[in-house]
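Reader: I am new to this structure and would like to go through it step by step. Please start with whatever term I need first.

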Amino acid sequence: MISLSPRLQMVADLVRGKQPLADIGTDHAYLPAYLLLTGKIPSAIAADLRKGPLQNAEETVKKYGLYDKVTLVLSDGFQNLASFDCKEFVLAGMGGNLMADLLSAAPWLQNPDIHLVLQPQSHQEDLREYLYQNGFTILKEQLCREGTHLYLAMEAEYTGAVTDASPLSCYLGTLADSEDPLKKEYFSRVLDRLDKRREGLLSCADTAEECDFLSTLMIAIKERTGL
């Protein structure tokens, strides 16, 4: 049996199951293989932009005898997946800004029957902004610890409802109202990142306005999260 890292296990737990799944940026295809071996999904598409990762995925498929259940697809994001009958999609292990670009390039995902599991490695605020502005609802956000890193994953679906995409909303997401035990540490790290960005701008000319914006944003995050 495949043993997943805490990050991928968190993603696996958010998959609804009982329907075909497409894993975008699959690399070794550990996630779809695990979900198939545990019986959570009936079949999977393992998609990646490069041939190397797809060869790794093929080795995993071969090792666990999943040839009849996994389709390997060379695809730039969702580009070559529209024709497949799939309503469950995982996008994990890349920056939130890249995820937003990939989602934007696939307008057919704006379908209420489609369920997205997203695990941005960075720039979570950019991904939330895209979702909020384009009619997607974030159903849940959660965190896990892996080594010294905190990882975030979220569930989203298209509802057509445009949500407030203010900077504060995009940095807080739904996590601020959750009971996640790691959320204060997560927001503390967000504040550290914003503070470093502000300090880096202090010595530059014509950045006073952005520095003031960052200071105001940090104050608002602290007030909202109790930090």
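Author: Two strands pair if DSSP finds at least two bridges between them. The model discussed here is predicted.

Reader: Which residue in S7 does Leu116 stand opposite?

Author: Strand S5 covers residues 115–120 and strand S7 covers residues 149–158. Four bridges join the two strands, which run antiparallel. Across this pairing, the residue that Leu116 stands opposite in S7 is Ala156.

Reader: Which residue in S5 is the bridge partner of Ala92?

Author: Strand S4, residues 88–94, is joined to S5 by six bridges, and S4 and S5 run parallel. The bridge partner of Ala92 in S5 is Gln119.

Reader: Is the crossover from S4 to S5 right-handed or left-handed?

Author: Helix H4, residues 96–104, belongs to a β-α-β unit together with S4 and S5. With the strands pointing away from the viewer, a path that runs clockwise from the first strand over the helix to the second counts as right-handed. The unit made by S4, H4 and S5 is right-handed.

Reader: How many residues of S5 are buried?

Author: A residue is buried when its relative accessible area is under 20%. His115, Val117 and Gln119 point one way from S5, Leu116, Leu118 and Pro120 point the other way, and all are buried. S5 is therefore largely enclosed by the rest of the structure, and its count of buried residues is six of the six.

Reader: Which strands stand at the edges of the sheet?

Author: Seven strands form an open sheet with mixed pairing, in the order S3-S2-S1-S4-S5-S7-S6. Each edge strand has a single partner strand, so one side of it is left without a neighbour in the sheet; these strands are S3 (70–74) and S6 (136–146).

Reader: What does the twist average from one strand to the next?

Author: The sheet is open and has seven strands. From each strand to the next, the twist averages 15°.

Reader: Which residue in S7 is the bridge partner of Phe136?

Author: S6 and S7 pair over 10 bridges, in the antiparallel sense. In S7, the bridge partner of Phe136 is Tyr158.

Reader: What angle does the direction of H1 make with that of S6, and at what angle does H5 run to S6?

Author: H1 packs on the sheet and touches S4, S5, S6 and S7, its direction making about 150° with that of S6. Helix H5, residues 124–133, lies across S5, S6 and S7, and its angle to S6 is about 165°.

Reader: Are H1 and H2 parallel, perpendicular or oblique to each other?

Author: Helix H1 (residues 6–14) and helix H2 (residues 30–37) have axes 10 Å apart and pack at an angle of about 50°. H1 passes H2 in a right-handed crossing, and Leu8, Gln9, Val11 and Ala12 in H1 meet Leu31, Tyr34 and Leu35 in H2. The angle therefore makes the two helices oblique.

Reader: Is Lys18 buried or exposed?

Author: Lys18 lies in the loop between H1 and strand S1 (21–24). Its phi is near 70°, a positive value in a residue other than glycine. Most residues other than glycine have a negative phi. With 79% relative accessibility, Lys18 counts as exposed.

Reader: Is Ala29 buried or exposed?

Author: Ala29 lies in the loop between S1 and H2. Although Ala29 is not a glycine, its phi is positive, at about 65°. Its relative accessible area is 2%, so Ala29 is buried.

How values were computed:
Residues numbered from 1 in each chain as written. Predicted model: local features only at pLDDT ≥ 70, side-chain atom pairs only at ≥ 80, totals over all residues. Heavy atoms only, no water. Buried < 20%, exposed > 50% of the residue type's maximum accessible area, 1.4 Å probe, protein only. Axes fitted to C-alpha atoms, helices over the stretch in contact; angles between N-to-C directions. Parallel < 35°, antiparallel > 145°, perpendicular 65-115°, else oblique. Left-handed = near helix turned anticlockwise from the far one by under 90°. Contact = heavy atoms within 4.5 Å.
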